[in-house]
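Trainee: I am new to this structure and would be grateful for a close look at a single part of it. Please take me through the surroundings of that part in one connected account.

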Amino acid sequence: MNTIATKPKTEGTKMLQVMGGLGALCALLIVLTYEGTAPRIAQLKEEALQQAVFSVLPGTQSTQEFYLSDQSFGTTPVENSTLIFAGYDADGELIGVAIEASGRGYADIIKVLYGYDPINEQITGFYVLESKETPGLGDKIEKDAAFQSNFSAMDVALDADGSAIKHPVSTVKHGEKTASWQIDGITGATISSRAIGSMLDASTAKWLPVIQKNLNTLQTTPAP
């Protein structure tokens, strides 16, 4: 009987097998770690978002989630709907609505939350949820008190028929702000400043008319 000789395993082959095994083990550990920490990460993000809501809607004691789209508005999510948060005071009176917006900055996508007072038609607060802008420059959008002051009473009133923003939100060069719907930009962080203006302009133009049309629902829905 003929026998086929097998080549002995070389050191290189053994090393490849060991490396392959270690790679598989590392991949398994990564998956297990993610599965173990994902709920905690989600919880922390939810808590941070709630804190941001209270920050942009001063005086809020309780919140209620609403889902809005071009065709619907209510407390039940539907396909392609956007989540917003209504804030209520201790007596259950509506204070305002917190809305997320996002857009590309200098380094990456910036995600923010802003507060909207539908009675006075003003933006009442601004909070950066996610940003990778340049430290010391672009990150001033979340750290610079002067820039944050742009959003304490920003005019976002609608036109007479309630279908569009009367004066679109825009960013101007630092020191050239002349109106309450303008954002006084940050010197040295032009792209980041303009990104905020662009995302707020787009978000307010799309959602504020929808919110105003459903203002009675926001005011009469019992606060939790």
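**Salt bridges and a buried strand residue**

Mentor: Asp 139 counts as buried, at 9% relative accessibility; buried means under 20% relative accessible area, exposed over 50%, and partly exposed in between, with a 1.4 Å probe and protein chains only. The model is predicted, so local features need pLDDT of at least 70 and side-chain atom pairs count only at pLDDT 80 or more, while totals for chains, interfaces and linings use all residues. Residues are numbered from 1 along each chain as its sequence is written, and side-chain values use heavy atoms, leaving out hydrogens and water.

Asp 139 forms a salt bridge with Lys 143, their closest N and O atoms being 3.1 Å apart; the term requires a side-chain nitrogen of Lys or Arg within 4 Å of a carboxyl oxygen of Asp or Glu. Lys 143 is exposed, at 63%.

A search of the whole structure finds two salt bridges. Another pair is Asp 108 and Lys 132, with closest N and O atoms 3.5 Å apart. Asp 108 lies in the loop between β4 (94-104) and β5, and Lys 132 in the loop between β6 (122-130) and α2 (140-143), so the pair ties together parts 24 residues apart in sequence. Helices (H or I, at least four residues) and strands (E, at least two) are DSSP runs, numbered from the N terminus. Asp 108 is partly exposed, at 24%, and Lys 132 is exposed, at 60%.

Strand β5 (residues 109-117) contains Ile 110, which is buried with a relative accessible area of 0%. The C-alpha atoms of Ile 110 and Glu 133 are separated by 8.2 Å.
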